[in-house]
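Reader: I am new to reading models like this one. Can we go through the terms one by one?
Author: Gladly. Let us look at the structure.

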Amino acid sequence: MTATTSPFAAVPSPGSDSATPMLELSHLTKRFTTKLDFAERLAKRLGAKVQEFDVHAVDDVSLTIAPGEVVGLVGESGCGKTTLGRMVAGITPPSSGELLYRGKSMAALPHDEARQAKLKIQMVFQDPMASLNPRLRVSEIIGEAPRVHGIVSRNEQTDYVASIMRKVGLDPAYAARFPHQFSGGQRQRIGIARALAVQPEFLVCDESVAALDVSIQAQIINLFMGLRRELGLTYLFISHDLGVVEHIADRAVIMYLGRVVEVAPSAELFTKPNHPYSRALLDEAPRVDTRKRTFAPIRGEIPSPLDPPAGCAFHPRCPLALPRCRSERPALREIAPGRLSACHLNDMQ
Amino acid sequence: MTRQEPVLEVEDLRTHFFTRGGVAKAVDGVSFTLRRGEILGLVGESGSGKSVTGMSVLGLIDAPGRIVGGAVRYRGEDLVTAGEKRLRQLRGRRIAMIFQDPMMTLNPVLSIETQMVETVLAHEKVSRKEARERSREALVRVGIPSPDERLAAYPHQFSGGMRQRVAIAIALLHRPDVIIADEPTTALDVTIQAQILFEMQKLCRETGTALVWITHDLAVVSGLADRIAVMYAGRIVEIGTAVEVIDGARHPYTHGLLGSVPSRNRRGEPLAQIPGMTPSLLNLPEGCAFRPRCPRATDACLALPPLSDGGHGWRCFNPQGAAA
């Protein structure tokens with residue numbers, strides 16, 4: 001790859017080879033295992049019933065993302081959406097399954113190529129104060145990675161950082177400041193600039209607008225959408241906010257307790273949800289357009305991922321659960337072109 | 001709604017913070033009234049003064065902050081001039097507060113029973129047994145299953161939603177006339193939030209408790225509140241019934257807030273956004289604080305616009321027509 005001072009010159013136009021998906025997740029699974037401490041190991045040797053136990057944070061998720069697409073990933077806390085995002089960004093290695101970038105398995109790529117491929121997938125985090133180094137100046141936060149990866153030389157760094165800062169709507173005059181000298185919205189822009197600095201093709205945004213005030217949130221969402229048009233970026237947009245996902249995503253994926261329960265184009269999902277959980281989420285999300293309504297919540301808590309219910313994970317809260325849902329786990333099946341849902345009720349029609 | 005004497009009247013309340021950097025007018029002339037069983041949504045972005053307004057009602061302002069003017073009348077009795085002793089009698093008993101993070105407000109080393117019984121005994125001379133029975137009832141009322149076992153549990157044994165229910169149950173122990181809830185569902189998931197909103201709505205309907213629901217989320221209050229007050233930089237810029245404020249917003253800031261809600265925009269189109277940032281309270285612009293960000297600002301806005309009269313009021317010289 002040739003080094004260039006002009007940012008984003010290396011970014012191909014969207015849909016240049018739309019046949020191969022940008023990213024393919026194939027049966028990705030992440031298990032976290034609790035480690036036994038010394039006393040527990042000892043007790044186990046002496047015959048006590050202590051065991052290591054597994055948390056299936058992400059359980060067999062398959063998904064393809066086309067170049068230039070925005071995929072929204074929705075779910076409540078503990079559903080595994082952040083873990084999935086971290087696996088896609090290469091921060092957390094999957095326990096099993098693989099990640100294919102432009103048709104090639106990330107795990108099988110030779111070291112140098114894997115490094116280049118990983119650089120093309122960047123992440124924007126929820127809390128910019130926790131994800132920006134408080135002791136580095138903005139110029140270094142944004143400029144360090146492209147310099148280390150040989151995208152710009154040391155001499156070109158200042159100009160390069162300035163061009164990236166302008167791109168995300170920051171004044172380059174502030175390059176010598178520290179993160180704490182910025183407001184929340186500006187800090188989020190720094191986080192976005194840092195991700196863009198290595199010329200990625202794919203951004204994983206993990207609750208990137210959740211901590212912002214409504215008016216600032218709108219500014220950042222507009223920035224994401226502008227960057228998509230300008231640079232042909234592909235997004236995995238993780239959010240618990242259905243309104244945000246409905247607005248920016250082409251396709252939405254709904255997760256519950258580590259599993260994908262529904263995948264559909266946003267326009268269809270938000271008008272005609274198929275899975276009872278999707279329906280419940282949509283019904284209960286507060287909307288500005290409703291006046292003085294009676295809330296009719298679904299019952300029960302989100303179960304612990306340590307001990308997920310047998311069969312369909314949603315059955316204890318599901319108003320439509322059948323006896324079968326208690327024992328048999330529904331597979332994610334195509335119910336219409338481009339739409340997937342994991343619910344036994346679809347077999348009944 | 002029955003026309004009754006207001007339970008709570010806040011009149012021209014001013015709470016200022018005297019910091020080294022200058023005087024921050026966190027609350028600057030806020031007025032509203034609350035009737036029995038009424039739900040008022042107090043909406044604003046960070047730094048708008050909505051939480052300080054709630055704290056001022058209960059006299060919970062610490063130095064360098066001080067209530068410098070105005071009145072808070074509970075059933076006609078002014079709380080700003082009331083002594084600490086009188087406030088202690090009212091707090092928790094007649095006016096209760098629910099905070100955003102129940103992990104911060106519940107004592108982690110005491111069981112729920114201890115904390116609840118303590119709350120009952122602090123205000124009433126009853127036997128421990130009776131206090132426990134009252135605590136149990138309160139837990140049932142907020143929808144906590146198997147309350148007897150849960151009474152013996154500690155806060156860390158509860159999920160986030162359950163913890164917030166416990167906090168609400170404690171607020172309900174004395175059947176207060178007013179509850180001030182400061183972002184109580186912001187940290188909760190959508191399905192759990194809906195459960196809490198459902199319980200609160202039911203309580204207000206059944207017990208006649210009046211509720212001030214402080215939030216940054218217009219969507220939550222538009223479905224919950226009878227009336228909505230929108231705050232910006234320490235002042236109420238628009239107040240009225242939920243229908244008046246959401247469907248007939250007049251203040252450009254309310255318009256801006258509503259416009260930036262994603263579901264109100266066409267899918268994929270850029271969101272309508274309010275330019276600029278919330279101003280620092282230490283350095284507020286003269287006149288209308290929203291002027292530098294306002295698309296309709298004129299020279300007239302260099303003076304502070306008064307809150308217009310009537311049930312639906314707004315602080316603007318150039319109000320917008322009712323939104324479509």
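Author: Start with a term: pLDDT is the predictor's confidence in each residue, from 0 to 100. This is a predicted model. Chain A averages a pLDDT of 87, and 93% of its residues score at least 70.

Reader: Over which residues of chain A is the pLDDT below 50?
Author: Over residues 1-17 of chain A. Beyond near neighbours in sequence, this stretch has 28 contacts in the model. Where pLDDT is low, the predicted coordinates should not be read in detail.

Reader: Why are H5(A) and H6(A) called roughly perpendicular?
Author: Helix H5 (residues 138-148) and helix H6 (residues 157-167) of chain A pack at an angle of about 115°, with their axes 9 Å apart. Angles of 65 to 115 degrees count as roughly perpendicular. H5(A) and H6(A) are therefore roughly perpendicular to each other. H5(A) passes H6(A) in a right-handed crossing.

Reader: Which residues make that contact?
Author: From H5(A) come A:Ser139, A:Ile142, A:Gly143, A:Pro146 and A:Arg147. From H6(A) come A:Gln157, A:Thr158, A:Tyr160, A:Val161, A:Ile164 and A:Met165. By class, six are nonpolar, four polar and one charged.

Reader: Why are H7(B) and H8(B) called roughly parallel?
Author: Helix H7 (residues 160-172) and helix H8 (residues 190-207) of chain B pack at about 15°, and their axes are 10 Å apart. Angles under 35 degrees count as roughly parallel. H7(B) and H8(B) are therefore roughly parallel to each other. H7(B) passes H8(B) in a right-handed crossing. H7(B) brings B:Gly161, B:Gln164, B:Arg165 and B:Leu172 to the contact, and H8(B) brings B:Ile192, B:Gln195, B:Ile196 and B:Leu203. Four of these residues are nonpolar, three polar and one charged.

Reader: What makes E6 and E11 of chain A edge strands?
Author: Look at the sheet order. Eight strands of chain A form an open sheet, E6-E7-E8-E3-E9-E10-E12-E11, with mixed pairing. Strand E6 (121-124) and strand E11 (333-336) each have a single partner strand, so one side of each is left without a neighbour in the sheet. The twist averages 25° from one strand to the next.

Reader: How do you know that E6(A) and E7(A) pair?
Author: Pairing needs at least two bridges. E6(A) and strand E7 (residues 202-206) of chain A have four, in the parallel sense. In one of them, A:Ile121 has A:Phe202 of E7(A) as its bridge partner. Helix H7 (residues 184-196) of chain A packs on this sheet and touches E6 and E7 of chain A. The direction of H7 makes about 170° with that of E6(A).

Reader: How do you know that E4(A) and E5(A) pair?
Author: Again, at least two bridges are needed. Strand E4 (residues 96-101) and E5 of chain A have two bridges, in the antiparallel sense. A:Tyr101 has A:Lys104 of E5(A) as its bridge partner. These strands belong to an open sheet of four, in the order E2-E1-E4-E5 (chain A), with antiparallel pairing.

Reader: Which elements of chain A give two or more residues to the side that touches chain B?
Author: The contact takes 38 residues from chain A and 37 residues from chain B. On chain A, the elements are helices H8 (214-231), H9 (242-248), H10 (266-271) and H11 (276-284). H8(A) gives the most, with eight residues. The side of chain A that touches chain B has 16 nonpolar, 13 polar and nine charged residues.

Note on methods
Residues are numbered from 1 along each chain as its sequence is written. Chains are lettered from A and ligands numbered from 1 in the order in which they are written. This is a predicted model: local features need pLDDT of at least 70, side-chain atom pairs count only at pLDDT 80 or more; totals for chains, interfaces and linings use all residues. Two residues are in contact if their C-beta atoms, placed from the backbone, lie within 7 Å. Ala, Val, Leu, Ile, Met, Phe, Trp, Tyr, Cys and Pro count as nonpolar, Asp, Glu, Lys and Arg as charged, and the others, Gly among them, as polar. Axes are lines fitted to C-alpha atoms, for helices over the stretch in contact, and angles run from 0 to 180 degrees between N-to-C directions. Angles under 35 degrees count as roughly parallel, over 145 as roughly antiparallel, 65 to 115 as roughly perpendicular and the rest as oblique. A crossing is left-handed if the near helix is turned anticlockwise from the far one by less than a right angle, and right-handed if clockwise.
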